[in-house]
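Q: I am new to this structure. Please show me how to read its features.

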Amino acid sequence: MASTNIKKLKKVKRSGWIGSVIAFFVFTILFAIGLVLGALALGTYVLESKISTEYEAIEYMAGIYEKGLKSGDDRVFDFLDEEGRAYIIRDKDGNVIHQNGENTCSFEGEKVKMSRYKYKIMVYRDSEKDYIYPENGELNLDFGEIYDGINEENYAAADDEADEDIDDEDFFNIEEKDVKMLGMPLWISLDINNSQQEFIAKADYRLNIHDLYLILGIVIAFLVVVAVIFIMMFVKIIRGIIRQKRIMDLFYTDDVTQGNNWMYFIIKGEQQLKKRRNKDVGFAIVNLSFVNYRNYCVCHSVKRGEEMLRRVYDTISSKLDKNEICSHVTVEEFALLLRYEDEESLRVRLHGIVNGLENIDMNHKFGFHVGVELIDKSVDEKGLVVKRKDIDIEKEYNYACAACVSIGETDESEVVFFDDKLVEEQRWIDKVQERQSQALANEEFLVYYQPKYDPKTNELRGAEALIRWNSPEFGLVSPGRFIPIFEKNGFITEIDHYMIQHVAHDQKQWLDKGIKCVPISVNVSRAHFIESDLAEQIRDMVDAEGTPHELVEIELTESAFFDDKNAMIKTIDKLKGYGFAVSMDDFGSGYSSLNSLKDMPLDVLKLDADFFRGDAKDGRGEIVVSEAIKLAKHLNMRTVAEGVEIRKQVDFLASQGCDMIQGFYFAKPMPRDEFEKKYEAGKAEIDDVNVDSEKQ
């Protein structure tokens, strides 16, 4: 779970700004590529424009030469020389026929493709100023040579008469008529006279201030656009980081305390545990529960309760060191990650924290339950302390919670450390829950019967059905070890059905044998009474076995009467209408017994065994029992005293008119076959009485 949450956290972090960063870098790369390609495209366009103009002029000169050659007019050379352009005419063997101007043609070249023409043009490099050169079928510029040419003031005035030298600064501050140009020569070749001759002329592309302004303007425009986009992207990234921080604050913040929440605890806590620098540090994971917090809210308000939680959180946080954690995790629970050196000093510290919390409000004394799980140093197979790697903070916190739950329902503050005993209890619970369904299907649960006798005549008047678990793995298990587990997980309703069916089945078999049967009571848990058709379920199960209803008594614990009273009364009325007797078990164990008797139409009242334990020298217990029996008789109810173990108690109950006694004095719970013998005997044999009970 913690690893899953960490993945979610990383996803939240990435979602805040990583997309903008990626987009930023992608844009930068694309722009750089686009800028290079654009510059190349622009340069190629400008260059081709200039070269095309020169090519047309040279093509015109070549045409004049061909006309003069055909007409035999020697003046054609004079006309061509007047153009002022250097040119060379060669035959097909490369011999120069005619030349004008300085020959700087390198005769190193190739045919290049220009966008304006469908065919390729033969061009040669200039041997002195190699600014433009053909390569791979395209024209290229050598920007390094151009830069050197400018710095060397290797340029000419636009006006042929202006040949004075000017420096770089003047180059950008002269009037248009005095614009200086950098000559960039290239030799263009045309085949003439049916390819018997080659006309080669010097094309001089001049780079002037207007061209520089154009290129510079375009570059500046590009840079401005990029700067704006870069600023927008940067602002977006900053906003993403701020938004991501706000999201993280919400992700880690508890709504009630405005402090750390559960996600903060499991993520930051696990990080603390796994840090290399903390490998030598012992940690304690603590579950601190605010006892009766909900009652406080009921008495005051939820708002006041939340204010109290904030005070609790602030008080705990004020007692923690820098690298320790406190988080509000559930309504009334807090999770703590503390450093400790030894268990005793930690216990003292926790009691100090609890003492401070108990009196956080001058008008109330609060209680706090504290469960602690210790996380010691992690060692390798050589016994060396190593970094914790496989720690699961949620699992460790559950151990702390288990220790806290083991405290029980007391309102007093208490600190409990998780130990092997609690581990064994949890393992036992898991084993029981894993095997409960299979055990039921295999009928591993046994019905034991404890007889109820008339204290005056020792005659068998009834019995109570009790359960035992005869497990192939665990042996014979007493109900105290598994019934509470079934009550918590809801499996107790299946046990109720199981017991009713088996008691009805046994009763029917005994009837078929001719045995005079007595009513046998079966416990039905309070969880069953939420079902509106409970009475019908019981009726149908007993009828399926063919057992008279009066031989099955439904026994309810007093605690069941604290639930929905109207539903309880309705179910009891239905059961009585179907002919079942209904009894209240453990009368006197709670605080609402008399009120329950007033409202519930019960048939049998069972006096709790605690009435008959302890030393009541002043006779107060006997007075209570005596009056309870009288009260039951006035309400037309039979009475059963359970837990009776000595003769003196039997004599007293007989004198008070108690109808039945259930306890070790007469008989312990016993298997079906043994109880059948009691059935057949009819009366309790005093020799069967537990001798040890007389000694108590």
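A: Start with burial: of the 696 residues of the chain, 45% count as buried. Buried means under 20% relative accessible area, exposed means over 50%, and partly exposed lies in between, with a 1.4 Å probe and protein chains only. This is a predicted model, in which local features need pLDDT of at least 70 and side-chain atom pairs count only at pLDDT 80 or more, while totals for chains, interfaces and linings use all residues. Residues are numbered from 1 along each chain as its sequence is written, and side-chain values use heavy atoms, with hydrogens and water left out.

Q: How many helices and strands are in the chain?

A: Helices (H or I, at least four residues) and strands (E, at least two) are DSSP runs, numbered from the N terminus. The chain has 20 helices and 25 strands.

Q: What share of the contacts in the chain with a separation of 6 or more is between residues 24 or more positions apart?

A: Contact means heavy atoms within 4.5 Å. Residues 24 or more positions apart account for 66% of those contacts.

Q: How is a pair of packed helices described?

A: Two packed helices are described by the angle between their axes and the distance between the axes. Axes are lines fitted to C-alpha atoms, for helices over the stretch in contact, and angles run from 0 to 180 degrees between N-to-C directions. Take helix H13 (residues 492-512) and helix H14 (residues 534-545): their axes come within 8 Å and cross at roughly 35°. From H13, the contact is made by His497, Ile500, Gln501, Ala504, His505 and Lys508, and from H14 by Gln537, Ile538, Met541, Val542 and Glu545. By class, this contact has 5 nonpolar, 4 polar and 2 charged residues. Here Ala, Val, Leu, Ile, Met, Phe, Trp, Tyr, Cys and Pro count as nonpolar, Asp, Glu, Lys and Arg as charged, and the others, Gly among them, as polar.

Q: Is the crossing of H13 and H14 left-handed or right-handed?

A: A crossing is left-handed if the near helix is turned anticlockwise from the far one by less than a right angle, and right-handed if clockwise. The crossing of H13 and H14 is right-handed.

Q: How do H13 and helix H19 cross?

A: The axes of H13 and H19 (residues 672-681) come within 12 Å and cross at roughly 45°. Angles under 35 degrees count as roughly parallel, over 145 as roughly antiparallel, 65 to 115 as roughly perpendicular and the rest as oblique. H13 and H19 are therefore oblique to each other. H13 passes H19 in a right-handed crossing. In this contact, Asp506, Gln507, Gln509 and Trp510 of H13 meet Arg672, Phe675, Glu676 and Tyr679 of H19.

Q: How many aromatic pairs are there?

A: Rings of Phe, Tyr and Trp (its six-membered ring) pair if their centres lie within 6.5 Å; planes under 30 degrees apart count as stacked, over 60 as edge-to-face and the rest as tilted. By this rule the count is 30 aromatic pairs. Among them, Trp469 and Phe482 are edge-to-face, at 5.8 Å centre to centre with 80° between the planes. Trp469 lies in strand E18 (residues 460-471) and Phe482 in the loop between strand E19 (475-477) and helix H12 (483-489), so the pair ties together parts that are 13 residues apart in sequence.

Q: Are Trp469 and Phe482 buried or exposed?

A: Trp469 is buried, with a relative accessible area of 0%. Phe482 is buried, also with a relative accessible area of 0%.
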